[in-house]
Amino acid sequence: MAIIQQTIFIAALGAVAWLISRRVGIIGRTIRLGKEENRTDQPGKRLSIMMRVAFGQKKMFDRPLIGFLHFAVYAGFILINIEVLEIVLDGILGTHRIFAGPLGSFYGVLIGFFELLALGVLISCSIFLIRRSILKVERFQPSRHREMTGWPQLDGKLILVFEIVLMIAILTMNAADSALQDLGSAHYPVAGDFLISQWLKPLFSGWSEGALIAYERIAWWVHILGIFVFAVYLTYSKHLHIALAFPNTYFSRLEPKGEMKNMPEITQEVKIMLGLETQPADAVVPERFGAKDVADLTWKNLMDAYSCTECGRCTAACPANITGKKLSPRKIMMDTRDRLEDVSRNMLANKGKFVNDNKSLLGDYIQEEELLACTTCNACVQECPVLINPLDIILQLRRHKVMDEAHAPGSWNMMFQNLDTNQAPWKFSPGDRFNWASAVTDSGPEGNSTAS
Amino acid sequence: MAEMAANNETPEVLFWVGCAGSFDDRYKKVTVAFVKILNSAGVKFAVLGTEESCTGDPARRAGNEFTFQMLAMSNIQVLDMYNVKKIVTACPHCFNTLKNEYPALGGNYEVLHHSEYLQQLIDAGRVRLQGGEAFKGRKITFHDSCYLGRANDVYEAPRHVLEALDADLVEMKRCRTKGLCCGAGGGQMFKEPEPGKKDVNIERIEEALQTGADTIAVACPFCMVMMTDGVKNKEKEQSVKVYDLAELIAQAKGL
């Protein structure tokens with residue numbers, strides 16, 4: 001019996017490892033479809049940002065209660081994994097609570113601590129589920145946010161149910177274990193009652209040894225297989241943020257938020273036009289200005305898309321979205337990720353090469369109206385707890401619309417024309433630029449009137 | 001500036017007026033107020049006058065990198081010709097572009113927003129607020145501009161300037177990092193808003209009116225337009241005024 005369990009366990013572990021490594025490879029290759037951009041300068045500063053924002057979850061505490069609950073789930077997730085190590089070793093070696101012997105009485109303390117975390121996860125996830133399903137927090141509602149229709153809505157709830165089931169499994173497993181210890185069952189060495197699960201023991205009063213063993217085993221398998229399935233599932237889900245939050249914050253932008261990246265390919269052309277440079281013989285004309293599809297964006301834009309957990313803080317802060325425009329920064333990120341997943345499936349089906357599917361991020365996923373509604377106010381960038389930058393994508397798509405497709409609202413074209421001819425966005429004569437100065441002299445200058 | 005250069009004089013600072021400050025009737029008053037403050041503080045400053053062009057910000061945000069770089073390059077040529085080292089501007093969009101985006105094109109200057117410059121003048125004792133209107137007890141709320149606040153982390157300088165007025169500074173619910181845009185950034189100033197249920201400036205003005213302030217202080221020409229329109233839309237132009245920081249300081253000094 002034991003050897004069958006061990007075999008099944010090792011096979012499951014191997015399958016999970018294979019599935020995850022395959023998926024990690026695919027996501028890694030997909031992110032690398034993006035353009036080069038150096039984000040490795042100032043490693044000290046980057047590390048400190050990662051420690052504060054990802055490890056310390058600094059931005060989550062903007063909303064203290066939710067920040068605390070989220071931290072409970074996060075701490076539980078990281079620390080309970082130490083117990084998973086024991087479970088995995090037990091599974092492979094066919095042992096039971098392998099750490100109980102070597103750790104002695106400290107083992108009980110440790111499991112008690114894990115149980116406390118498990119209870120924290122259980123309570124927090126239940127509250128989150130209530131917020132999503134019953135309290136109907138505005139930013140999660142598909143009726144108000146079209147990007148939350150269908151799968152994203154289900155995905156969010158599924159993850160919470162998953163975690164709740166896992167935590168119930170581990171707590172009741174420990175309770176059944178304690179009950180078995182009390183009965184002096186052969187395979188259940190005495191480790192003492194545990195901090196939280198001792199209160200669940202009454203549930204098992206009157207159960208036979210066989211029934212208790214069966215429950216303990218089932219709960220053990222549900223817990224560990226649940227974790228395996230969860231680990232694979234998260235690579236397909238918004239829940240990937242638990243891993244990508246770390247690199248994503250590390251590689252985040254260090255420049256002031258207001259700064260737009262320069263386009264050196266344009267600079268050269270402008271210099272030639274102004275007579276500052278001559279046309280070099282090896283001049284390469286870029287095949288595309290701005291971004292039309294995911295491969296035109298940078299790898300960091302693409303990592304941003306995979307790091308998004310669809311919390312919608314960006315959208316809730318977006319002035320365009322608040323006032324009912326079509327733009328939702330969260331949708332920009334989700335569309336980018338959906339397109340990436342499409343491209344990655346396309347590549348898998350075509351031996352690693354992308355075959356043109358006549359689709360693009362701009363047009364088939366993100367519409368012009370969304371781009372045009374953006375005020376570039378950076379509220380979305382400011383809000384993101386894992387430092388995603390939706391604005392950077394919006395602006396690159398705008399560049400494509402205007403420079404490559406030569407498509408802009410008429411009033412913008414008028415503004416461009418004014419800028420080109422009279423160096424102001426409005427139709428004023430450049431010669432009138434200094435007329436305001438007469439108002440200073442009219443009312444009597446004080447001292448320095450040579451301001452010209 | 002040309003005059004100063006011809007006389008071999010070097011200004012302390014170049015005042016970058018910007019297009020709104022030069023052409024927009026409402027914002028020209030801000031330009032004049034700021035110049036009066038500079039004069040009364042004895043600051044030796046220069047302006048480019050007709051040699052100034054748009055920084056290119058609206059073109060760049062709208063996606064027209066070509067027009068942006070044409071304007072930026074010629075501005076850099078002019079600024080470098082006069083060997084300009086330090087710039088102050090009353091427009092957060094000019095401020096952001098000159099400060100953060102010109103270096104990539106070879107234009108490196110020390111750039112200050114007029115809120116920062118005014119704070120320096122007040123702290124140094126060069127601007128003293130006496131002789132004019134009294135603000136004591138009046139409620140003022142400050143509307144954060146995106147390109148000053150989030151874009152460049154300047155939140156305190158404008159508030160310090162307002163505190164010097166000794167007025168009662170009240171904050172809107174969404175302020176500083178959470179400040180709500182006026183709706184004009186990113187090229188929106190130059191086009192109709194996309195279809196929606198409300199205009200952004202109306203959403204913002206409602207919040208500003210909720211504070212009960214009789215003065216809405218702004219520090220940006222676009223915010224000025226949007227907030228003023230918002231006040232008109234709510235038919236409150238008799239009881240609520242929108243002023244730039246420089247205008248308030250000039251009023252307090254009786255300039």
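Before starting, I wrote down that a salt bridge is a side-chain nitrogen of Lys or Arg within 4 Å of a carboxyl oxygen of Asp or Glu. I also noted that this is a predicted model.

Entry one, a salt bridge. I looked at B:Glu65 and A:Arg399, whose side chains form a salt bridge with an N to O distance of 2.8 Å.

Entry two, the interface. How many residues of chain A are in contact with chain B? I found 67 residues of chain A touching 77 residues of chain B. The area buried between the two chains is about 6,200 Å², and carbon and sulfur atoms give 63% of that area. I also noted 34 residue pairs in polar contact across the interface of chain A and chain B, both residues at pLDDT 80 or more.

Next I asked which helices of chain A supply residues to the side that touches chain B. Among those that each supply at least two are α9 (264–273), α17 (390–404) and α18 (410–422). The residues on that side of chain A divide into 34 nonpolar, 17 polar and 16 charged.

For chain A, an unreviewed UniProt entry lists "transmembrane region" at residues 6–25, 65–85, 105–130, 158–176 and 218–236. I checked two of these spans in the model. Residues 65–85 of chain A are 100% helix, with end C-alpha atoms 31 Å apart. Residues 218–236 of chain A are 89% helix and 0% strand, and their end C-alpha atoms lie 27 Å apart.

How values were computed: Residues numbered from 1 in each chain as written. Chains lettered and ligands numbered in written order. Predicted model: local features only at pLDDT ≥ 70, side-chain atom pairs only at ≥ 80, totals over all residues. Heavy atoms only, no water. UniProt positions renumbered as here; feature names shortened; annotations may be inferred. Helix = DSSP H or I, 4+ residues; strand = E, 2+ residues; numbered from the N terminus. Contact = heavy atoms within 4.5 Å. Buried area = accessible area lost by both parts, 1.4 Å probe. Polar contact = N/O pair within 3.5 Å; in protein donor to acceptor, adjacent residues only side chain to side chain. Nonpolar A, V, L, I, M, F, W, Y, C, P; charged D, E, K, R; others polar.
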